[in-house]
Amino acid sequence: RSNVTQRAKRPDSFSSYCRIIGCPHPARAGTENGLDRRYCRKHADHYSRHGSPTKRSYTAAELKPHRKTVRKWLKANRDDVWLRNAVDRVKGLYGRSGAHVEAFRLAGMSPRERAWAAWARLRKAGIDPLKPIEAWLVIELAVAFDPQPELKPEFKRVQAAKLVHRMAS
């Protein structure tokens, strides 16, 4: 712990620039405020909030036409074997998620435990297993029709997680 603290307080001369083109700020490792060698504080915070250091999250208005398309497709393909399989898998996640954990008790849990807690929260809220599938498909469509898409898997995961989180809140 003291080693990390010492490294964080000692600026790294190789990390004097944020990797985002046009950003005048140094990467956090180039200051006395962190170990991130890629991004400045602003871009690191944006990355953790949106899943991308530069692209913002999709708004509800941007997702609305895709949501209508996905709902229409889900309704038309209700008996599709792949869709039934996906619904059964989400039901399985609901069943294996364990006891419901209040959101304020998530601090200190591992990411895996937090994920199970999220599935338990959805189960307790009575969210239809089709809704998380719908959220993922909406994000896939939004990325597919985006003129400047962020193609990294983490961006899609964060966007879908935001939609799913709103369902249980």
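Student: Starting with Tyr39: is that residue buried or exposed?

Tutor: In this predicted model, Tyr39 counts as buried, because its relative accessibility is 9% and the limit for a buried residue is under 20%.

Student: And how accessible is Tyr47?

Tutor: Tyr47 has a relative accessible area of 22%, so the residue is classed as partly exposed.

Student: What is the geometry for Tyr58 and Phe155?

Tutor: The rings of Tyr58 and Phe155 pair edge-to-face, at 5.7 Å centre to centre and with 70 degrees between their planes. This pair links distant parts of the chain, 97 residues apart: Tyr58 belongs to the loop between α2 and α3, while Phe155 belongs to helix α7. Both Tyr58 and Phe155 are buried.

Student: On to charges. How many salt bridges does the count come to?

Tutor: The count comes to seven salt bridges. Among them is the contact between the side chains of Lys55 and Asp146, at 2.8 Å from N to O.

Student: Where do Lys55 and Asp146 sit in the chain?

Tutor: Each lies in a loop: Lys55 between α2 (41-50) and α3 (60-76), and Asp146 between α6 (130-145) and α7 (153-168). The two residues are 91 apart, and their pairing links distant parts of the chain.

Student: Are those two buried or exposed?

Tutor: Lys55 is buried, with a relative accessible area of 19%, and Asp146 is buried as well, at 14%.

Student: Which residues form salt bridges with Glu134?

Tutor: Arg67 is one of the partners of Glu134, and the closest N and O atoms of that pair are 3.3 Å apart. The pair connects helix α6, which holds Glu134, with helix α3, which holds Arg67, across 67 residues. Arg71 is also a partner, with a closest N to O distance of 3.0 Å.

Student: Which residues are linked in a network of salt bridges?

Tutor: The network is made up of Arg67, Arg71, Lys131 and Glu134.

Student: Stepping back, what is the secondary structure of the chain?

Tutor: The chain has seven helices and zero strands. Along the sequence, the pattern reads α-α-α-α-α-α-α.

Student: What is the radius of gyration of the chain?

Tutor: The chain has a radius of gyration of 20 Å, whereas a compact globule of 169 residues would have one near 15 Å. Along the principal axes, the C-alpha atoms fill a box of roughly 60 × 40 × 25 Å.

Student: How many of the residues count as buried, in percent?

Tutor: Of the 169 residues, 34% count as buried. The chain exposes about 11,500 Å², and carbon and sulfur atoms supply 55% of that area.

Student: Last point: which share of the contacts joins residues at least 24 apart?

Tutor: Among contacts between residues at least 6 apart in sequence, 50% join residues at least 24 apart.

Terms used
Residues numbered from 1 in each chain as written. Predicted model: local features only at pLDDT ≥ 70, side-chain atom pairs only at ≥ 80, totals over all residues. Heavy atoms only, no water. Salt bridge = Lys/Arg side-chain N within 4 Å of Asp/Glu carboxyl O. Helix = DSSP H or I, 4+ residues; strand = E, 2+ residues; numbered from the N terminus. Buried < 20%, exposed > 50% of the residue type's maximum accessible area, 1.4 Å probe, protein only. Phe/Tyr/Trp six-rings, centres within 6.5 Å; stacked < 30°, edge-to-face > 60°. Rg over C-alpha atoms; globule rule 2.2 N^0.38 Å. Contact = heavy atoms within 4.5 Å. Areas by Shrake-Rupley, 256 points an atom, 1.4 Å probe, with all protein chains shown as cover.
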